[in-house]
Amino acid sequence: MKILLAEDRASLRKALAETLARAGYSVIEAPDGAQASACVEEGGFDLALFDLKMPVRSGLELLKASRERWPLVPVILLTAYGSVEVAVSAMKEGAFDFLPKPVDPEHLLLVVGKALDSDRKERLREALESDLTRSPVFQEIVGKSPALREVQEQAARIAATDTTCLILGETGVGKELFAR
């Protein structure tokens, strides 16, 4: 897993990078908002950690750019100038979390783990939805209710395995379509 780390204080950036590297993550370091912005454009990272106040581009600006370009990549903001208003603003813009400095290494790794786990679940959900909409069988099934979506997701998961499944239901509910 690759993490983009944008922090203008070199000593803190190195300490955070070491903590993440020891936990098995690959870290791309950016010393300011300009380099972080170039990294955001390029992509290729699974999570971003942005300092809120940096030269050239702020963490909030980077958050917006990252969410536009890579909407599924979680972003965590770091700041020594934390206020409730700024935290609320960051969360409204789509930040996964907002961590005050100094950052506790254990807490950082916990939040990073949760963000990456959340990201994996979101990508899996989108992949399943994409598979469902592309499947010619499911295109024959009429309806968009949450219950029907859930049944379609279950059917897609079962279809990917080599197992037997019993489909029950009243006449005309689409058992044959699901069986196909």
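Colleague: How many salt bridges does the count come to?

Modeller: Side chains of opposite charge can pair when their charged atoms come close. The rule used here calls it a salt bridge when a side-chain nitrogen of Lys or Arg lies within 4 Å of a carboxyl oxygen of Asp or Glu. By this rule the count is six. This is a predicted model, in which local features need pLDDT of at least 70 and side-chain atom pairs count only at pLDDT 80 or more, while totals for chains, interfaces and linings use all residues. Residues are numbered from 1 along each chain as its sequence is written, and side-chain values use heavy atoms, with hydrogens and water left out.

Colleague: Which side chain meets E7 in a salt bridge?

Modeller: That of K101, with N and O 2.9 Å apart. This pair joins distant parts of the chain, 94 residues apart: E7 is in the loop between β1 (2-6) and α1 (10-22), and K101 is in the loop between β5 (97-100) and α5 (105-134). Helices (H or I, at least four residues) and strands (E, at least two) are DSSP runs, numbered from the N terminus.

Colleague: Is E7 buried or exposed?

Modeller: The terms refer to relative accessible area: buried is under 20%, exposed is over 50%, and partly exposed is in between (1.4 Å probe, protein chains only). E7 has a value of 0%, so it is buried. K101 is counted as buried because its relative accessibility is 17%.

Colleague: With which residue does D51 form a salt bridge?

Modeller: With K101, the closest N and O atoms being 3.0 Å apart. D51 is in strand β3 (residues 47-51) and K101 in the loop between β5 and α5, so this pair too links distant parts of the chain, 50 residues apart. Both D51 and K101 are buried. E7, D51 and K101 are thus linked in a network of salt bridges.

Colleague: How many residues apart are E18 and R22 in helix α1?

Modeller: They are four residues apart, which means a separation of about one helical turn. E18 and R22 form a salt bridge, with their closest N and O atoms 3.9 Å apart. E18 is partly exposed at 48% relative accessible area, and R22 is exposed at 66%.

Colleague: What does the count of disulfides come to?

Modeller: A disulfide is a covalent bond between the sulfur atoms of two cysteines. In a model, it is read as a pair of cysteine sulfur atoms within 2.5 Å. By this rule the count is zero. As for cysteines, C39 is buried at 18% relative accessibility, and C165 is partly exposed at 42%.
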